[in-house]
Structure formats: structure tokens, C-alpha cells
Amino acid sequence: MKSGNLSDTLEFLLLGLSEDPELQPLLFCLFLSVYLVSVVGNLLIILAIMYDSHLHTPMYFFLSDLAFVDICFTTTTIPKMLVNIQTRSKSISYAGCLTQICFVLTFAGLENGILVMMAFDRFVAICHPLGYNIIVNPKLCRLLVLLSFLISVLDALLHTLMALRLSFCTDLEIPHFFCELAHILKLACSDILINNILVYLVTSLLGVMPLSGIIISYTQIVSSVLKIPSAGGKYKAFSICGSHLRVVSLFYGTGFGVYLSSAATQSSRKSAIVSVMYTVVTPMMNPFIYSLRNKDMMGALRKLTSRI
């Protein structure tokens, strides 16, 4: 196969989840529905927190940020897939593909960071309740989100700029519904050793370390909760953390599932189907997880809908 740097005219082909023409209308309706539910659900969470002064606390500040990131995350991938199905075109430009990679990495990293902040918030609230208002103050919350955003952008730009140095072969088919860095590296004809080292290094720093921080936080939380004498107090403390634990399990579980499935199977299409969980299903489920069993959130949503 011929190779070369053809960035001016280069186009990739996004094969999607299936090439069966009969399945395309079903996929279009399914992903359009999921996208609308995700956007509307997360937008309602943001508006409810904005308009209810009782929810102007660090926990709900992080939750509104998470909802905003989820909207951006799904908007980065699903609309392009819907357009491709509707126009029966599978192409995406070289610049468009790298841009999509950059945004996906940015919002995935930012969601990762916000989940760590929420674990820190719960840790201080349960283990150090008397100093909570002093430690987790609005200024610190805004600073942590800004820091996470800057780290995520730098990480995404680093991977994107490293991808710019690659040359590609004539086979430019991506068995996925969006441009993912791992698939781009597989298509490259040039040496990708440095890119792979960078991927493993950054994954270790920005993936394993935050997860370790969450695990340590919840180890301390469980230890503190078990010291509470009353059963009602223990239930209340665990219920505060339940929603966050479910979201963390969903995000990291599906993320590691994608990694393990891509390592265990040679089928890129199966890996793409698994990746739907963390790029599409997780952002859609977050509003339900955080609102259905949260009395304050349900009350705020009822006020918002009656006002609308």
C-alpha cells in the first residue's frame, strides 16, 4: 500500500456499528433518541441547580459541571454519526477526525477529573464534617474544575499533535462510529512507538491515579461510616455516596471494558459496540442516577417544570 502525508486531501471512512443497510434506520432512531434524552436530561439537571438556591453547594456545583461535560461528550460523537447515516456518507476529513479525537479526549479527561472531585467532596463531608465549609469552599471548587480542564486540554492537544506527525496508508477505514485515537494509530504506516508510549504513560497518570484516589477516599469513608453507632446514620451516610459510586462504576467499568475487549479480541467492531457504553450510555444514565433517588434534586426538578 502507498503511504504518505496526504493531510490536505486525506479522508477517513467511519464504518459505524453495522454496514447492514436495513439496520441504518433503526440505528438512526435509536441514537437520536438516546442523544435527545441525554441532552434534555443533563440540561434539566443544570437548570434545576441554577434556579434552586438550596442546591448552590459544592456537591451540586460538581454535578452541574458533570452534566455539562456529558452534553459536550455526546455532542462530540453522536451528531456526526447521525449525519453520516442520514446522508449515507461515511467520510470524515483528516482535520475533522483529529478535531473529534481532541474533543473526545478533553471531555473524557474532564469527566474523569470531576468524578475525582466529587469523591473528594464526599470524603470531606463524611470524614471531616466540621471543617467542610472551610475546606470545600466555592473558590477551591472553581479552581479544581479549571485545573482539571487545563490538564485535559493539554493531554488532548499532546495526543493530537503527536498524531499529526503520522503518515497513513491507503486503507483508511475506521470500524467505529467516531474517530478514536487507538484506531488512528492502527491505520498509521509510520512508526507509532512514541505514540504508544505516550498513551500508556498518560493513561497511567490520568487514569489509574485518579481511580486510586477515589478508592482511597471511599476506603476512608467506609471506615468512618462503620464507626457511626446508629443504623439510620450509617444508611444516610451511604445513601449520600450511592449515586456517585454507581456513576464511577459505570464510567470506569465501561472504560476498562473497552480496553479489555480490544486487548482480548481482534474484532474492532466488537470493541466499538462496547465503547458505546461509556460514550453514549453513561452520559444518558447520569441524570437518572443522580435524580431518581435524590429528594432535593427531584424537588428542584418539579419546581423547574412547574415554572416552565
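Predicted model: local features only at pLDDT ≥ 70, side-chain atom pairs only at ≥ 80, totals over all residues.
At 1% relative accessibility, C179 counts as buried, because the cut-off for buried is under 20%.

**Stop 1: the disulfide**

A disulfide joins C97 to C179, with the sulfurs 2.1 Å apart. Distant parts of the chain are linked here: C97 sits in helix α3, while C179 sits in the loop between β5 and α6 (181-187), and 82 residues separate the pair. Look along the S-S bond. The angle about it is -120°, and the link is left-handed. C97 has 0% relative accessibility, so C97 is buried too. How many disulfides does a search of the whole structure find? It finds one.

**Stop 2: Q100**

Stay in helix α3, which spans residues 94-127, and select Q100. Is Q100 buried or exposed? Q100 is buried, because its relative accessibility is 6%. Show its side chain. A polar atom there lies 2.7 Å from the backbone nitrogen of C179. Next, show what Q100 touches beyond its neighbours within four places in sequence: T76, T77, K80, I92, F178 and C179.

**Stop 3: the sheet**

Select strands β3, β2 and β5. They form an open sheet in the order β3-β2-β5, and the pairing is mixed. Its edge strands are β3 (91-93) and β5 (173-174), each pairing on one side only. Color β2, residues 11-14. β2 pairs with β5 in the parallel sense, over two bridges. Which residue of β5 is the bridge partner of L14? It is I174. Now bring helix α3 back into view. α3 lies across β2, β3 and β5, and runs at about 85° to β3.

**Stop 4: two other cysteines**

Select C72. Its relative accessible area is 15%, so C72 counts as buried. The closest cysteine sulfur to that of C72 belongs to C102, and at 13 Å it is too far for a bond.

Then move to C241, in helix α8 (residues 231-264). C241 is buried, because its relative accessible area is 2%. Show the contacts of C241, leaving out residues up to four places away in sequence: R122, I126, Y218 and I221.

C241 and M277 are 36 residues apart in sequence, and their C-alpha atoms are 22 Å apart in space.

Note on methods: Residues numbered from 1 in each chain as written. Heavy atoms only, no water. Helix = DSSP H or I, 4+ residues; strand = E, 2+ residues; numbered from the N terminus. Buried < 20%, exposed > 50% of the residue type's maximum accessible area, 1.4 Å probe, protein only. Polar contact = N/O pair within 3.5 Å; in protein donor to acceptor, adjacent residues only side chain to side chain. Contact = heavy atoms within 4.5 Å. Pairing = 2+ DSSP bridges. Axes fitted to C-alpha atoms, helices over the stretch in contact; angles between N-to-C directions. Disulfide = S-S within 2.5 Å.
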